[in-house]
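The stops below go from one contact to the next.

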Amino acid sequence: MSFFRSVLLASLISLLAALGLLYLGFSMGYEEFKGGYAVLTLDSSIEGRPVRSILETGLIFGGEPICESSQWVMLDVFDSLEKIPLDEYSKRIFPFDPRNDGYADKLRNIFVRDEKRFIYIPIIAGNWNSNLLNRMFSDLLGDISFSVDYYGIGRPLSLFFIVYAAASAILLLLCYIKRKAHRSIVNIIPMIPVLSSLGFFGAAGIGCAALLFGLFILIKEPLADLVNSSAKGFGQRINQIIKDIILPYRYYWLFLPFFIIAFAVLVIFSQLKLLFLIAVSAASFAVFFFSLKIVIFSGVEHKRFNPVTIVKRRFPEFVFSWYILPFVAGVFLTLYFTPYMSGTYDSKNKFDALISEQDYYAHLAYQASFSTRQMSDSAEQNNHAVFPDFFFDSDGLPSMSIASANQNFKTGDYPAFPLKYLMEFFNTVNNEEKTDVNWNAGSITERVSLLILILFLLPGFIIKKKDNNAKINYDGLKRFTGKQRLAGINRNNKQLYNGSMSCNLKDA
């Protein structure tokens, strides 16, 4: 297998692992925002339909505005059920009409109350900000006086993944520029897809990706020797690992606690999920081992050759500082731009006007069975007593059925509750702890904890590059071998052109 195909295969496997982790992150709700609503408040004297038509032209809304004119109520018209727009219901039905079951008034209270009109606009999940929406509302509504509240918790996932992608592109560029100085750095390329799922957690997630990149670059040499280990049997393999990996690279392992401490700090003081980080780390280690295996053996057409480092470095090179620099820069760029993107918006107001799905289906059942209900002032009416159903029997004559109309009511025959998601969302808002609107970029402790990443940049810029094999006197060896070689050449020249050689030629 060629070198390019080996890297490509490892990258494809990493991509499959990344898709699985992204699916896991979305299924676990790590995006932390599955939708939100902007609640537009107008004066009740303003007609809702014209405003609704204007708002439907909004480009960044997540759906059609939900208002009084967009809702409807079922009405029994004796031969069928008819949908009546909510804003026209009072014109069709008098308050004393027995078909008025009170559902319309309860539904209207969600949109018009206290001399105010409320319109609910769905917001695109994870990709909105209040400043942009405020300007859009002002442009759309013009001279109409309004106020707006934002309900929901949002995170700019698009910003997080764009920053990660940009840092990854710079990493690829560095790998190309440094390809001759650090040939084995190519093993890092397949790690880019599998670590992308950490973008769920914003700056802290990108910071963890930077630490994992740095960790893999630091320990790639001992891991490569581990992959090349030819020992057979458990005992022999343990002895070889101790002799050829643990002891020669003992200074490498001394730096592992610093990475562990950094991971712990980010998990404790940020919104990172420990179990998800463990899953990503396990997947990335598996992909890294696989990439080492196939890249080391790439290009070998016959018997595989296991390259072994003859003289191992005693002290690690801190080249990882240069390669994680784009991700560390991305962390602080994310912290800077997040307040200008969608952050956490949660109104201090409690949403009290609610209607349940049970109310809706009780309304449908009442309207569907209205034609068979008794019309009287007796207690039976309050108990929803019903006329029995009739059907044509085998004789062709009508017969009475003892089953009530309510028992024949099937919810699947009617539209689903139209405000289900809106009501579920506001129930969640009422039950959750309110968050400060200025919290966008994360808590103070999370921002301070990210400063630990700077410590991993210092070794590459402070510690000068040093030949780890300096104790071997190559210069002396070169001088020694050089003198010996020159002496031999001169001696041969003398033998070739001196008299004795000439005599030998004459004798011949």
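Select arginine 108 to begin: with a relative accessible area of 36%, this residue is partly exposed. The model is a predicted one. Glutamate 68, at a relative accessible area of 6%, is buried.

Next, select aspartate 87 and arginine 49. Their side chains form a salt bridge with an N to O distance of 2.8 Å. Aspartate 87 belongs to the loop between strand 3 (81–85) and helix 3 (89–92), and arginine 49 to helix 2 (residues 48–55), so this contact ties together parts 38 residues apart in sequence. Arginine 49 is partly exposed, at 36% relative accessible area.

For a contrast in setting, show arginine 99 and aspartate 97. Their closest N and O atoms are 3.0 Å apart, in a salt bridge, and both residues are buried. Then display Arg49, Asp87 and Glu88 together; salt bridges with shared partners join them into one network. The model has eight salt bridges in total.

Now turn to the rings, where the count is 21 aromatic pairs. Select tyrosine 120 and phenylalanine 426: the ring centres are 5.9 Å apart and the planes are at 65°, so the pair is edge-to-face. Tyrosine 120 is in strand 5 (residues 116–123) and phenylalanine 426 in helix 17 (residues 420–431), so the pair ties together parts that are 306 residues apart in sequence. Tyrosine 120 is buried at 0% relative accessible area, and phenylalanine 426 is also buried at 0%.

Two charges over rings come next. The charged end of lysine 83 sits over the ring of tryptophan 72, 4.3 Å from its centre. Arginine 113 lies over the face of phenylalanine 118, 4.1 Å from the ring centre.

Finish on helix 12 (residues 256–269). Its 14 residues should span 20 Å at 1.5 Å a residue, and the end C-alpha atoms are 20 Å apart, which agrees. Which residues of helix 12 are buried? They are Phe259, Ala262, Phe263, Leu266 and Val267. Looking down the axis of helix 12, these buried residues fall within an arc of 130°, so they line one face of the helix. On the other side of helix 12, Phe258, Ile260 and Ile268 are exposed.

How values were computed: Residues numbered from 1 in each chain as written. Predicted model: local features only at pLDDT ≥ 70, side-chain atom pairs only at ≥ 80, totals over all residues. Heavy atoms only, no water. Helix = DSSP H or I, 4+ residues; strand = E, 2+ residues; numbered from the N terminus. Expected span 1.5 Å × (residues − 1). Buried < 20%, exposed > 50% of the residue type's maximum accessible area, 1.4 Å probe, protein only. Arc of directions from axis to C-beta. Salt bridge = Lys/Arg side-chain N within 4 Å of Asp/Glu carboxyl O. Phe/Tyr/Trp six-rings, centres within 6.5 Å; stacked < 30°, edge-to-face > 60°. Lys NZ or Arg CZ within 6 Å of the ring centre and 35° of its normal.
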